[in-house]
Amino acid sequence: MHTVLTRGNATVAYSLSVLACLTFCCFASTVFQNYRTDAKINTVRVLVKNVPDYGASREKHDLGFLTFDLETNLTDVFNWNVKQLFLFLTAEYETTSNQLNQVVLWDKIILRGQNAVLDFKNMNTKYYFWDDGNGLKDNKNVTLILSWNIIPNAGLLPTVQALGIHRFKFPAEYSSSI
């Protein structure tokens, strides 16, 4: 006959095989689902200042200030394989020194079971909008994009971009007040 250790080993190995199969089925059932949804983004106030960067050098760089409105409904993104969403709002723009600049301005974590309908008005950015030079003043093509990372129970960690974007321009003059 078999010993207690042999039977315990067989039971644990079989249980782990069943759990691995169930985890794969969980992943396979949601891998091809479309997680994109609409988002309405609007800028309320846009300012740019030219301030010294004390972190690296004493040179003056552009610092953008903006308030924005954000409206989206992410309840359809959640399913039984989604634990949480990591939302982030990025600004993309082009300057003479860099073809693509991306700056994260705001982020938020939404857990399963929390309210996933976002309706924010006059929100300030969470992080500074620094440019590594003077590329914000009179920049006519700054794009705000809402994206999110899906944190699943099992499977891939996709980054999804919302369907709505917002383009705006910074003023041609530096602001003296915030």
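Is Asp 119 buried, partly exposed or exposed? Select Asp 119 and colour by accessibility. Asp 119 is partly exposed, with a relative accessible area of 47%. Keep in mind throughout that this is a predicted model.

**Stop 1: the salt bridges**

Lys 121 has a relative accessible area of 52%, so Lys 121 counts as exposed. Asp 119, at 47%, falls in the partly exposed class.

How many salt bridges does a search of the whole structure find? The count is 3. Side chains of opposite charge can pair when their charged atoms come close.

Next, select Asp 107 and Lys 126. Their side chains meet in a salt bridge, at 2.7 Å from N to O. This pair links distant parts of the chain, 19 residues apart. Asp 107 sits in strand β4, and Lys 126 in the loop between β5 (117-124) and β6. Asp 107 is buried, because its relative accessible area of 12% is under the 20% limit.

Now go to Asp 138 and Lys 140. Here the side chains meet in a salt bridge at 3.0 Å, N to O. Lys 140 counts as exposed at 53% relative accessibility. Asp 138 is partly exposed, at 32%.

**Stop 2: Asn 139**

Select Asn 139. It is found in the loop between β6 (129-130) and β7. Is Asn 139 buried or exposed? At 7% relative accessibility, Asn 139 counts as buried.

Show what surrounds Asn 139. Leaving out residues up to four places away in sequence, Asn 139 touches Tyr 93, Glu 94, Thr 95, Phe 168, Lys 169 and Phe 170. Keep Tyr 93, Phe 168 and Phe 170 on screen for the next stop.

**Stop 3: the aromatic rings**

Ring pairs link Tyr 93, Phe 129, Phe 168 and Phe 170 into a cluster. Zoom in on Phe 168 and Phe 170. A pair of aromatic rings is described by the distance of the centres and the angle of the planes.

A search of the whole structure finds 7 aromatic pairs. For one of them, move to Phe 24 and Phe 27. Their ring centres are 6.0 Å apart and their planes stand at 55°, so this pair is tilted. Both residues lie in helix α1 (residues 4-30), 3 residues apart, about one turn of the helix. Phe 24 counts as exposed at 54% relative accessibility. Phe 27 counts as partly exposed, at 22%.

Return to Phe 168 and Phe 170. Which geometry does this pair have? The centres are 5.4 Å apart and the planes at 65°, so the pair is edge-to-face. Phe 168 counts as buried at 7% relative accessibility. Phe 170 is buried too, at 0%.

**Stop 4: the nonpolar core**

Select Leu 74, Leu 85, Leu 87, Phe 129, Leu 146 and Trp 148. Of the 34 residues in the largest nonpolar core, these touch the most other members. Colour the strands next. β1 (39-52), β2 (60-73), β3 (82-93), β4 (101-111), β7 (142-152) and β8 (159-168) each supply at least two residues of this core. Which strand gives the most? That is β3, with 6 residues.

Centre on Leu 85. Apart from neighbours within four places in sequence, Leu 85 is in contact with Leu 74, Val 77, Phe 78, Lys 108, Ile 109, Ile 110, Trp 148, Asn 149 and Ile 150.

Then select Thr 90, found in strand β3. Thr 90 counts as buried at 10% relative accessibility. Its contacts, not counting residues up to four places away in sequence, are Val 103, Val 104, Thr 143, Leu 144 and Ile 145.

**Stop 5: the surface patch**

Switch to a surface view. Select Val 12, Tyr 14, Leu 16, Val 18, Leu 19 and Leu 22. Together they make a nonpolar surface patch of about 610 Å². Finish on Leu 22, which lies in helix α1. Leu 22 is exposed, with a relative accessible area of 52%.

Technical notes: Residues are numbered from 1 along each chain as its sequence is written. This is a predicted model: local features need pLDDT of at least 70, side-chain atom pairs count only at pLDDT 80 or more; totals for chains, interfaces and linings use all residues. Side-chain values use heavy atoms; hydrogens and water are left out. Rings of Phe, Tyr and Trp (its six-membered ring) pair if their centres lie within 6.5 Å; planes under 30 degrees apart count as stacked, over 60 as edge-to-face and the rest as tilted. Helices (H or I, at least four residues) and strands (E, at least two) are DSSP runs, numbered from the N terminus. Buried means under 20% relative accessible area, exposed over 50%, partly exposed in between (1.4 Å probe, protein chains only). A nonpolar core is a set of buried Ala, Val, Leu, Ile, Met, Phe, Trp, Tyr and Cys residues joined through side-chain atoms within 4.5 Å. Contact means heavy atoms within 4.5 Å. Patches are made of residues with over 30% relative accessible area and no salt bridge: like charges are joined within 9 Å, nonpolar side chains (Val, Leu, Ile, Met, Phe, Trp, Tyr) within 5 Å. Accessible areas come from the Shrake-Rupley method with a 1.4 Å probe; for residues, only the protein chains shown count as cover. A salt bridge is a side-chain nitrogen of Lys or Arg within 4 Å of a carboxyl oxygen of Asp or Glu.
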